[in-house]
Amino acid sequence: MKILDKYLLKTFLITFTTVFVILFFIFILQTVWLFISELAGKDLDGLLVLKFLLFSMPRIVPLVLPLSVLLASIMTFGSLAENYEFAAMKSSGISFQRTMRSITLFILFLSVISFFFANSVIPYAEYKFMNFRRNIAQVKPAMAITEGQFCEIGNYTIKVEKKIGEKGNFLKGVTIHKKLENGEGNTTVIKAEKGELISSESSNTLKLVLTNGTYYEDVIPNKIEDRIKIPFAKGTFKKDVINIDLSKLNQNNMNSIDISNTNTMLNINELRFTIDSLNQNYKKDLKSYVENIYLRTGATSSFYPIYGNKPVKKITTTDLFQDLNSSQKIEVLKIASNTIENTILSIGASTFEMENKEKNINGHWIALYDKFMIAFSCILMFFIGAPLGSIIRKGGLGLPIVFAVAIFIIFHFVNTFGKRVAQENGMSAFMGVWMSSLILTPLAVFLTLRAINDIDGMISFDVITEPLKTFFSSLTNPNTEKNTIQQIDAESILELPVLEIEAYHVKQKMLLLVYGITFLFGIGAFYIKNTIVIIGWLVMCILFLFFVFKSQKQMEKIAMKTQINLEPGIIISLLIAIPFYGLLYFYNSKIIQNLEQNLSKHN
């Protein structure tokens with residue numbers, strides 16, 4: 001490895017490690033906040049909290065790793081370009097793709113590692129994490145009850161207003177719902193002023209002693225007409241003891257594994273086997289369901305019975321009643337009417353079950369494709385961040401963070417949206433998982449080609465900074481001329497680009513129309529939350545960005561005709577178009593207006 005490769009790789013690794021550690025720490029804090037209700041107020045020791053965080057750490061890596069690669073790439077290559085190190089390399093005959101070689105090899109190696117990590121470590125960590133969350137309340141029985149929440153213990157659902165005492169075993173404001181023996185519903189409610197939890201680590205019974213309470217029990221009369229009155233029995237007590245059996249729940253061994261049906265806990269081989277089994281069961285259930293619907297008609301067996309293996313007579317006419325008398329016709333119509341009603345009820349009852357099975361299959365497919373997407377996202381983010389950093393020529397933690405966060409938010413939003421739609425069977429699982437990568441891959445190719453060809457005139461921040469400069473300048477100096485957005489030297493203009501300006505105005509009008517439709521679709525997607533409306537909004541967003549691109553290309557044609565630099569650039573326009581198109585529109589309109597005014601004065 002040459003000195004240049006070592007230097008570039010060392011610079012990137014230092015930045016990448018620093019960014020990864022900081023982002024990982026931030027996401028760990030987010031995890032603690034999400035599960036604070038399971039950790040706070042339960043008298044957990046430091047070891048249990050540490051194990052909880054260790055089991056939750058691997059699930060954060062798929063979020064942190066691509067963002068770290070993106071931010072580290074922008075910072076590293078932006079710093080090299082800002083300090084003119086790239087200029088020195090190019091003057092020595094070293095191309096941009098040559099400078100990327102050592103880091104590209106590292107990114108490829110990192111992608112392979114991330115794939116095996118997603119296929120092996122993350123499933124095992126999820127496996128342990130889910131069981132740890134399930135067993136965390138079973139280490140000590142008092143931990144199974146949380147203040148202000150209904151907590152399920154055995155056949156009882158318990159809520160307490162406050163827990164006091166060193167171990168939290170003294171309760172105030174106790175409300176208990178007792179389930180029936182079959183586990184369906186409850187008819188008994190107990191309310192008590194105070195309670196005490198008494199247990200032993202060697203015992204599988206939790207004793208709950210209640211003081212000064214009342215119990216209510218629904219009474220179900222034998223006569224149906226008496227049930228309308230909803231009678232119940234009420235009683236009071238000074239002291240009552242409830243023994244709760246914890247034999248099935250109290251598993252002090254944290255290594256015990258009871259949950260194994262979550263798709264995030266499976267590796268690729270297990271996912272393929274599970275998907276195959278689920279598909280076979282789904283087809284079998286669907287076939288059985290269709291056959292049951294057909295057999296419910298009863299028309300064939302009633303009027304056209306089959307004897308032995310004798311084939312059914314083929315019907316060649318469209319009049320199915322020609323061989324039936326009047327009574328048989330009436331009976332057929334009654335059977336048809338009843339069959340339709342029963343079929344509708346059966347379909348309504350079975351649709352929910354079949355949809356859940358489809359969602360379960362889709363969830364397994366998404367988990368399978370996600371393991372490959374994590375590896376590809378590292379490569380994708382590198383080929384977006386590296387050329388973008390060399391183009392913007394800014395290092396440090398300022399501008400690179402803005403770009404990295406903006407790009408990653410788009411990536412994460414589209415990825416989450418695609419998975420949700422695929423989960424609901426709105427699109428294939430492959431498209432749902434890979435949609436974000438397919439959208440950003442053209443951007444990566446485009447930026448890489450621009451960086452290789454040393455074309456960096458597409459990014460400018462004048463659209464943001466110039467209006468602010470003009471505003472503050474007008475406040476400090478009111479006599480300053482307002483038209484200071486773009487100063488144009490009219491003598492350098494070769495000819496008046498009339499046709500190009502007219503074409504630009506036409507495209508701007510079309511762009512305003514598309515933006516209005518996109519805005520309406522966005523409001524509809526926010527309030528209606530329908531899959532078709534959301535997909536329509538995404539399509540309109542893509543169409544809107546396409547028209548923004550065409551409009552800015554027209555600005556480039558005007559710049560070529562006038563031999564001046566008209567801002568903003570295409571990339572900045574695409575990034576700020578959707579939220580700040582109004583600012584972009586008025587800025588461009590002001591530029592064209594100033595151009596036409598200066599040309600008219602010159603003529």
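Reply: The protein chain has 17 helices and six strands. Helices (H or I, at least four residues) and strands (E, at least two) are DSSP runs, numbered from the N terminus. This is a predicted model, in which local features need pLDDT of at least 70 and side-chain atom pairs count only at pLDDT 80 or more, while totals for chains, interfaces and linings use all residues. Residues are numbered from 1 along each chain as its sequence is written, and side-chain values use heavy atoms, with hydrogens and water left out.

Of the 603 residues of the protein chain, 40% count as buried. Buried means under 20% relative accessible area, exposed means over 50%, and partly exposed lies in between (1.4 Å probe, protein chains only). Contact means heavy atoms within 4.5 Å. Among contacts between residues at least 6 apart in sequence, 70% join residues at least 24 apart.

Now the helix packing. Two packed helices are described by the angle between their axes and the distance between the axes. Axes are lines fitted to C-alpha atoms, for helices over the stretch in contact, and angles run from 0 to 180 degrees between N-to-C directions. Helix α12 (residues 399-423) packs against helix α13 (residues 429-452) at an angle of about 160°, with the axes 7 Å apart. That makes α12 roughly antiparallel to α13. Angles under 35 degrees count as roughly parallel, over 145 as roughly antiparallel, 65 to 115 as roughly perpendicular and the rest as oblique.

The crossing of α12 past α13 is right-handed. A crossing has this hand if the near helix is turned clockwise from the far one by less than a right angle, and is left-handed if anticlockwise. On the α12 side, the residues that meet α13 include I407, F411, V414 and F417. Among their partners in α13 are V433, M435, I439 and L440. By class, this contact of α12 with α13 has 10 nonpolar, five polar and one charged residues. Ala, Val, Leu, Ile, Met, Phe, Trp, Tyr, Cys and Pro count as nonpolar, Asp, Glu, Lys and Arg as charged, and the others, Gly among them, as polar.

Helix α12 also packs against α11; their axes come within 11 Å and cross at roughly 160°. α11 and α12 are therefore roughly antiparallel to each other. The contact of α11 with α12 divides into 12 nonpolar, six polar and three charged residues.

Next, the aromatic rings. Rings of Phe, Tyr and Trp (its six-membered ring) pair if their centres lie within 6.5 Å; planes under 30 degrees apart count as stacked, over 60 as edge-to-face and the rest as tilted. By this rule there are 18 aromatic pairs. In one of them, F20 and F24 have ring centres 5.6 Å apart and planes at 25°, so the pair is stacked. Both lie in helix α1 (residues 3-34), four residues apart, about one turn of the helix. F24 is buried, at a relative accessible area of 15%. W365 and Y369 also form a stacked pair, because their ring centres are 5.6 Å apart and their planes at 20°. These two are four residues apart in helix α11 (residues 326-392), about one helical turn. W365 is partly exposed at 28%, and Y369 is partly exposed at 22%. Finally, one aromatic cluster includes F12, F16, F20, F24 and F77.
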